[in-house]
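Dear colleague,

Please find below the structure that I promised to hand over. My notes on it follow directly after it.

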Amino acid sequence: MYSTILTEAKNGLLKIIINRPEKLNALNEVVLAELKIIVESLKQDASIKGAIITGAGEKSFVAGADIGGFLQVDKNQGASLAAHGQSIFSMIENSGKPIMAAVNGFALGGGCELAMACHFRYASAQAKFGQPEINLGIIPGYGGTQRLTRLIGKGRAMEWMMRGDMVDAQEAYRIGLINKVIAHDQLMEEAEATMQLIITKPQPALEALIKATNAAEDGTKEGYETEAQSFGRAFASENMREGVTAFMEKRKPNFK
Ligand code: COA
């Protein structure tokens with residue numbers, strides 16, 4: 001039904017599988033558009049009580065926004081792209097029905113941001129997390145500067161985003177980014193068991209607790225706007241052109 005996302009509904013639970021394994025499930029425009037439709041329809045569909053987001057294939061959850069189109073993006077388009085991604089991830093965070101991330105591999109950039117927008121996260125022992133945007137001369141744009149800071153604290157988030165490297169699932173667990181590390185081949189089974197338990201709880205109470213828990217985090221609107229504008233400005237930079245070109249040419253960037 002969708003070209004970049006597989007969906008499977010079973011016993012009131014919807015599995016949302018980002019499905020571009022040849023590009024490590026990178027988020028292009030189509031994935032974002034389809035994800036938006038799916039999250040919107042979750043609200044309407046009374047037969048579905050909750051969802052799990054995961055990635056297709058053995059290697060990756062989501063390896064970020066699709067870098068392929070970045071060289072065509074200017075400053076204003078960059079800011080709009082960030083605002084668009086932020087709005088879809090915010091729909092996930094504010095979904096009245098519980099949505100968890102089952103991180104089966106790389107969760108980098110927009111992939112880490114997608115996992116963080118979910119209500120909570122389990123990960124395969126093979127998963128790797130990171131916000132590597134700095135290596136492309138840009139910054140996280142889909143809420144990463146905001147949600148990472150809230151989840152793991154400002155100092156760790158700063159270091160992580162500045163270093164731009166990856167941490168493994170154990171470290172992500174240790175610092176509180178994820179709730180549980182699970183053997184790779186058990187991940188979906190455990191994720192489903194947890195969600196099957198959660199969706200037996202009274203739906204209005206689940207919705208109320210999601211709303212109240214999200215309300216515990218205030219003052220974020222300005223943070224998201226600052227992130228989107230800064231993301232846009234980075235697209236006007238020579239460093240972004242160099243970082244993206246170097247990624248595509250599979251070489252180290254030479255930043256000014
Ligand atoms: N956007 C577009 N394409 C991506 C991508 C992304 N974010 N991440 C990976 N891909 C593509 C690669 O270009 C490659 O495509 P190709 O086979 O046509 O060359 C394919 O997915 C497989 O990736 P590859 O880099 O060959 O795998 P690897 O195992 O050597 O490395 C990663 C895996 C995740 C370390 C590496 O792909 C990577 O660094 N990706 C970018 C992560 C990133 O910067 N994300 C934030 C973007 S804002």
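Thr 194 is buried, at a relative accessible area of 16% (buried means under 20%, exposed over 50% and partly exposed in between, with a 1.4 Å probe and protein chains only). Thr 194 belongs to helix α7; helices (H or I, at least four residues) and strands (E, at least two) are DSSP runs, numbered from the N terminus. Apart from neighbours within four places in sequence, Thr 194 touches Phe 120 and Tyr 122, where contact means heavy atoms within 4.5 Å.

Please note that this is a predicted model, in which local features need pLDDT of at least 70 and side-chain atom pairs count only at pLDDT 80 or more, while totals for chains, interfaces and linings use all residues. Residues are numbered from 1 along each chain as its sequence is written, and side-chain values use heavy atoms, with hydrogens and water left out.

The six-stranded sheet

Helix α7 (residues 187–198) lies across β1, β2 (13–18), β3 (50–55), β5 (99–103), β7 and β10, and runs at about 160 degrees to β7. For such values, axes are lines fitted to C-alpha atoms, for helices over the stretch in contact, and angles run from 0 to 180 degrees between N-to-C directions. These six strands form an open sheet of mixed pairing, in the order β1-β2-β3-β5-β7-β10; two strands pair if DSSP finds at least two bridges between them. Because β1 (5–10) and β10 (180–182) stand at the edges with a single partner strand each, one side of each is left without a neighbour in the sheet. From one strand to the next, the twist averages 20 degrees. Strand β7 (residues 120–124) pairs with β10 in the parallel sense over three bridges, and Ser 124 has Ile 182 of β10 as its bridge partner.

The four-stranded sheet

A further open sheet consists of four strands in the order β4-β6-β8-β9, again with mixed pairing. Its edge strands, β4 (60–62) and β9 (167–168), each pair on one side only. Strands β6 (residues 106–108) and β8 (residues 128–130) run parallel and are joined by three bridges; Ala 107 has Phe 129 of β8 as its bridge partner. Helix α3 (residues 110–117) packs on this sheet, where it touches β4, β6 and β8, and its direction makes about 75 degrees with that of β4.

Helix pairs

Two packed helices are described by the angle between their axes and the distance between the axes. Helix α4 (residues 144–152) packs against helix α5 (residues 154–163) at an angle of about 130 degrees, with the axes 7 Å apart. The two helices, α4 and α5, are therefore oblique to each other (angles under 35 degrees count as roughly parallel, over 145 as roughly antiparallel, 65 to 115 as roughly perpendicular and the rest as oblique). The crossing of α4 and α5 is right-handed; a crossing is left-handed if the near helix is turned anticlockwise from the far one by less than a right angle, and right-handed if clockwise. On the α4 side the contact is made by Thr 145, Leu 148, Thr 149 and Ile 152, and on the α5 side by Lys 154, Arg 156, Ala 157, Trp 160 and Met 161. By class, five of these residues are nonpolar, two polar and two charged (Ala, Val, Leu, Ile, Met, Phe, Trp, Tyr, Cys and Pro count as nonpolar, Asp, Glu, Lys and Arg as charged, and the others, Gly among them, as polar).

The axes of helix α2 (residues 75–93) and helix α9 (residues 221–234) come within 7 Å and cross at roughly 145 degrees, and this crossing of α2 and α9 is right-handed. The residues of α2 that meet α9 include Lys 75, Leu 81 and Glu 93, and among their counterparts in α9 are Tyr 224, Phe 231 and Arg 233. The contact of α2 with α9 has seven nonpolar, four polar and four charged residues.

Individual residues

Most residues other than glycine have a negative phi. Asn 11, although not a glycine, has a positive phi of about 50 degrees; Asn 11 lies in the loop between β1 and β2 and is exposed, at 60% relative accessible area. Asn 25, also not a glycine, has a positive phi of about 65 degrees. Asn 25 sits in the loop between β2 and α1 and is buried, at 0% relative accessible area.

Finally, Glu 40 is part of helix α1 (residues 29–44) and counts as partly exposed, at 38% relative accessibility. Glu 40 and Arg 241 are 201 residues apart in sequence and, C-alpha to C-alpha, 35 Å apart in space.

With kind regards
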